[in-house]
Amino acid sequence: EEGGGEVLGEATCNEPLLTQYLGPGKPTNDPAQVVLLQNFLNGEVGAVLPTTGYYGPLTTAAVNTFQLKYWQEILAPWVPFGLPTDHTTTGFVGKLTLWKVNSLICPGLNIPVPQIP
């Protein structure tokens, strides 16, 4: 089966885990992508998210925790572009958060850091 994505191990990693930006209240959130994110956050930051595919307050809080864990790579680059501080979380899986998730899951892909803004 192509692209099942259930195994969160490096062994089967030949494509990024997440392929789209996600965020609270976004009508374009793909529930399958949100489930992948929720499973990842449960392992990476010790969140205890129900894997519902719904991007609500719990998922937002776990994304914020993840952003703070890797603030140097995810948040600090945005300060020159208007983020108030390098510890101001957004709760959104945008360019740098998406890149960091995929880099941790699939280090072998050597995904380049995206250009911002």
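Here is a short chat about the predicted model shown above.

Visitor: What is the mean pLDDT of the chain, and how should I read it?

Guide: This is a predicted model, so local features need pLDDT of at least 70, side-chain atom pairs count only at pLDDT 80 or more, and totals for chains, interfaces and linings use all residues. Residues are numbered from 1 along each chain as its sequence is written, and side-chain values use heavy atoms, with hydrogens and water left out. pLDDT is the predictor's confidence in each residue, from 0 to 100. Here 90% of the residues reach 70 or more, and the mean for the chain is 90.

Visitor: How many helices and strands does the chain have?

Guide: Both are DSSP runs numbered from the N terminus: helices are H or I with at least four residues, strands are E with at least two. From the N terminus on, the elements run α-α-α-α. That gives four helices and zero strands.

Visitor: How are H1 and H2 set to each other: roughly parallel, roughly perpendicular or oblique?

Guide: Their axes come within 10 Å and cross at roughly 50°; axes are lines fitted to C-alpha atoms, for helices over the stretch in contact, and angles run from 0 to 180 degrees between N-to-C directions. Under 35 degrees counts as roughly parallel, over 145 as roughly antiparallel, 65 to 115 as roughly perpendicular and the rest as oblique. H1 and H2 are therefore oblique.

Visitor: Which residues of H2 make the contact with H1?

Guide: On the H1 side you'll find Leu37, Gln38, Phe40, Leu41 and Glu44. Facing them on H2 are Thr59, Ala62, Val63, Phe66 and Lys69.

Visitor: Is threonine 52 buried or exposed?

Guide: Threonine 52 is in the loop between H1 and H2. Leaving aside neighbours within four places in sequence, threonine 52 is in contact with Val35 and Gln38. Buried means under 20% relative accessible area, exposed over 50%, and partly exposed in between (1.4 Å probe, protein chains only). At a relative accessible area of 52%, threonine 52 is exposed.

Visitor: Which helices do the buried residues of H4 pack against?

Guide: H4 covers residues 95–105, and nine of its eleven residues are buried. Among them are Leu96, Trp99, Val101 and Ile105. Their partners are helix H1 (31–44), helix H2 (57–69) and helix H3 (71–74).

Conventions
Contact = heavy atoms within 4.5 Å.
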